[in-house]
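Biologist: Please take me through this model. I will keep asking how you know things.

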Amino acid sequence: MFSRLAFNCAKQVRPLVVAPVRHSGTEAAASSSQLMTKVAVAAPAASRQLSAAAGDRPPWEGPERDLVNFPRPQMPEEPGKVRYLFVPEEWFDFFYKKTGVTGPYVLGFGLFNYVMSKEIWLIEHEYYYVYAMAAIFYLGNKKFGKEIATFLDKEIEADDHHFEKDRLDKIANFNKSIEDEKTLQWQKEADKLIIEAKRENLALQQEAIFRERAMFAYQEIKRRLDYQSQKQLMERRIAQKHMVEWIVAHVLKAITPQQEAHTLKKCLVDLQAMSAKA
């Protein structure tokens, strides 16, 4: 990444080429002064161009980003100003434009009176611990604030130095890895034929497996279709048998005893008539 960044910076910065030209007298002095002026103007421009390429436009950002209206956020070296250990100075500035100096104090005191009068904040035994803790923090800040800030600044500088060293070590390791990778790529160029042969073998194996699975699928589908055909035939037979039994049962249920007796009498009469004719 940093090698590409340096290469892009080197392409953007053009060195000055000065050709020796013979002049005489005042012309030589004038030309030399003009040359020194060009060098003095070109050097800051080149440095600004290099810094713009290296810091303002990293390689992972596209050229369409508007760094003027939408700059990248930066971590401030010093914390923002506060009052009373924790209230930001911007809060007071906001009220100063609208209510004057006493605005935030009146708002805070009025809000405190409101929560107390409406019993939103109840006074208990632990309430007085707030004032005690505030006093402890205030006195601690007055007495040990500078020493703690100096100690933390030293720790931050040590951490920054450690991170910078770690970054440089990683860059060196990445460059070495790039060189090793190029060497391996050069060594692996002879393996192209072997890889191609292995690909052909794999293609043949895949074709054999595909044909085997296609035959298996054909057999399974044929077996299931035969099963469905036999199942439908059996269901049709069972439905036909059930329908016949259902019709016979309902016909027998529809015959009443009177109809049955009447039918028997009629059959007897018919038989007697047939026997008389015979």
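Biologist: What gives the most to the lining of the largest pocket?

Modeller: Helix α4 does, with 7 residues. A pocket is an open set of points on a 1 Å grid over the protein atoms alone, with protein on both sides within 12 Å along at least five of seven lines, and lining residues have an atom within 4 Å of a point. One caution: this is a predicted model, where local features need pLDDT of at least 70, side-chain atom pairs count only at pLDDT 80 or more, and totals for chains, interfaces and linings use all residues. Residues are numbered from 1 along each chain as its sequence is written, and side-chain values use heavy atoms, leaving out hydrogens and water.

Biologist: What does the lining of the second largest pocket have by class?

Modeller: Its lining has 4 nonpolar, no polar and 5 charged residues. The residues are Met 75, Pro 76, Glu 77, Glu 78, Pro 79, Asp 153, Ile 156, Glu 157 and Asp 160. The volume of this second largest pocket is about 300 Å³.

Biologist: What makes Val 82 count as it does?

Modeller: Its relative accessibility is 44%, so Val 82 counts as partly exposed. Val 82 is found in strand β1. Beyond neighbours within four places in sequence, Val 82 is in contact with Val 87, Pro 88 and Glu 89. Val 82 and Phe 92 are 10 residues apart in sequence and 9.5 Å apart in space, C-alpha to C-alpha.

Biologist: Which residues are buried in α3?

Modeller: Glu 89, Phe 92 and Phe 95 are buried there. They cover an arc of only 130° around the axis, so they lie on the same side of α3. That arc is taken from the directions from the helix axis to the C-beta atoms. On the other side of α3, Glu 90, Lys 97 and Lys 98 are exposed.

Biologist: What covers the buried residues of α3?

Modeller: The cover includes β1 (82-83), β2 (87-88) and α4. After α3 comes Gly 100, whose phi is positive, near 95°.

Biologist: Which residue has a positive phi although it is not a glycine?

Modeller: Glu 119, with a phi of about 60°. Glu 119 sits in the loop between α4 and α5 (128-187). Its relative accessible area is 58%, so Glu 119 is exposed.

Biologist: How many helices and strands are there in the protein?

Modeller: The protein has 7 helices and 2 strands. These are DSSP runs, numbered from the N terminus: helices are H or I, at least four residues, and strands are E, at least two. Along the sequence, the pattern is α-α-β-β-α-α-α-α-α. Buried residues make up 6% of the 278 residues.

Biologist: Where does pLDDT stay under 50?

Modeller: Over residues 1-54, for which the model has 24 contacts beyond four places in sequence. pLDDT is the predictor's confidence in each residue, from 0 to 100. The protein averages 77, and 79% of the residues score at least 70. Among the elements, helix α1 (residues 2-12) has the lowest mean pLDDT (39), and helix α6 (residues 192-254) the highest (91).

Notes: On a 1 Å grid over the protein atoms alone, a cavity is a set of points where a 1.4 Å probe fits but cannot get out, and a pocket is an open set with protein on both sides within 12 Å along at least five of seven lines; lining residues have an atom within 4 Å of a point. Grid points are joined across faces, edges and corners, and a volume is the space filled by probe spheres set on the points. Ala, Val, Leu, Ile, Met, Phe, Trp, Tyr, Cys and Pro count as nonpolar, Asp, Glu, Lys and Arg as charged, and the others, Gly among them, as polar. Buried means under 20% relative accessible area, exposed over 50%, partly exposed in between (1.4 Å probe, protein chains only). Contact means heavy atoms within 4.5 Å.
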